[in-house]
Amino acid sequence: MIPGSPDEREDSWEHALEMQRLQPACAAADIELCELVWDAREWQIEDFDAFVVGTTWDYQEKGEVFLARLAQIESLRPLFNPLATLRWNLDKRYLHELAARGVPPVPTLWVETIDPAGLEHAFELWDCPSVVVKPQVGAGAWRQAKIERGARLPAAHELPLGAAMIQPFLASVQSEGEYSLLYFNRCF
């Protein structure tokens, strides 16, 4: 996501927009904001006063390494948001907790792996023409697939590696998008 990176993503403009807002606000508060790649070797935790986790789109591919790095950071410096919050948010099973608190999620089947029987069960349950399969830990549509009723299962490299979610496809996500609700210190 960092401009000029050899691995810069097509959607890095989102990160650039965030930085355009954050940089002046931090400067006004006499805070120097440095953009870092979380697993790059050229920086040391001790060189910084605190850390904010920003646009990180590869954590799902290196989950344990990512969490270990965050734990290492949190042990030496303030980490915003706290590791417990980040760990909770990485795994989509947090939807169970939100549902228990009255926030209705998209209907979801939780499965250990994506297979034809589970997909057929989902199609029958929701009587829908399409479903979306997603890893329980994932971001940026990584290993996520839209599957039409009666279609063949996508190739294994296109599907979640293990524990997954199956949800009815919601066309509104393509036309309207999704909403993110941001909370700071438990305040909306």
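Helices, of at least four residues, and strands, of at least two, are taken here as DSSP runs and numbered from the N terminus. With that in hand, let's walk through this predicted model, starting with its backbone.

**Backbone details worth a look**

Arg-143 is found in the loop between strand 4 and strand 5, the latter covering residues 145-148. Although Arg-143 is not a glycine, its phi is positive, at about 55 degrees. Asp-127 also has a positive phi without being a glycine, with a value of about 45 degrees. You will find Asp-127 in the loop that runs between helix 5 (116-126) and strand 4 (130-135). Is Asp-127 buried or exposed? The cut-off for exposed is over 50% relative accessible area, and Asp-127, at 63% relative accessibility, therefore counts as exposed.

The peptide bond from Phe-80 to Asn-81 is cis, and its omega is near -10 degrees. Asn-81 sits in the loop between strand 2 (79-80) and helix 3. As background, most residues other than glycine have a negative phi, and most peptide bonds are trans.

Here are the backbone angles side by side:

| Site | Angle | Value |
|---|---|---|
| Phe-80 to Asn-81 | omega | near -10 degrees |
| Asp-127 | phi | about 45 degrees |
| Arg-143 | phi | about 55 degrees |

**Helix 2 against helix 3**

Helix 2 spans residues 63-76 and helix 3 spans residues 83-90; the two pack at an angle of about 165 degrees, and their axes are 10 Å apart. Angles over 145 degrees count as roughly antiparallel, so helix 2 and helix 3 are roughly antiparallel to each other. The crossing of helix 2 past helix 3 is right-handed. On the helix 2 side, Phe-66, Leu-67, Leu-70, Ala-71 and Glu-74 make the contact, while helix 3 brings in Leu-83, Leu-86, Arg-87 and Leu-90. Sorted by class, this contact has seven nonpolar residues, two charged ones and no polar ones.

**The nonpolar cores**

The largest nonpolar core has 16 residues, and those touching the most other members are Trp-43, Phe-51, Phe-66, Leu-70, Ile-73 and Leu-79. At least two residues of this core come from each of helix 2 and helix 3, and helix 2 gives the most, with four.

Which residues does Leu-70 contact, leaving aside neighbours within four places in sequence? Leu-70 is in contact with Val-53, Leu-79, Leu-83 and Leu-86.

Methods
Residues are numbered from 1 along each chain as its sequence is written. This is a predicted model: local features need pLDDT of at least 70, side-chain atom pairs count only at pLDDT 80 or more; totals for chains, interfaces and linings use all residues. Side-chain values use heavy atoms; hydrogens and water are left out. Axes are lines fitted to C-alpha atoms, for helices over the stretch in contact, and angles run from 0 to 180 degrees between N-to-C directions. Angles under 35 degrees count as roughly parallel, over 145 as roughly antiparallel, 65 to 115 as roughly perpendicular and the rest as oblique. A crossing is left-handed if the near helix is turned anticlockwise from the far one by less than a right angle, and right-handed if clockwise. Contact means heavy atoms within 4.5 Å. Ala, Val, Leu, Ile, Met, Phe, Trp, Tyr, Cys and Pro count as nonpolar, Asp, Glu, Lys and Arg as charged, and the others, Gly among them, as polar. Buried means under 20% relative accessible area, exposed over 50%, partly exposed in between (1.4 Å probe, protein chains only). A nonpolar core is a set of buried Ala, Val, Leu, Ile, Met, Phe, Trp, Tyr and Cys residues joined through side-chain atoms within 4.5 Å.
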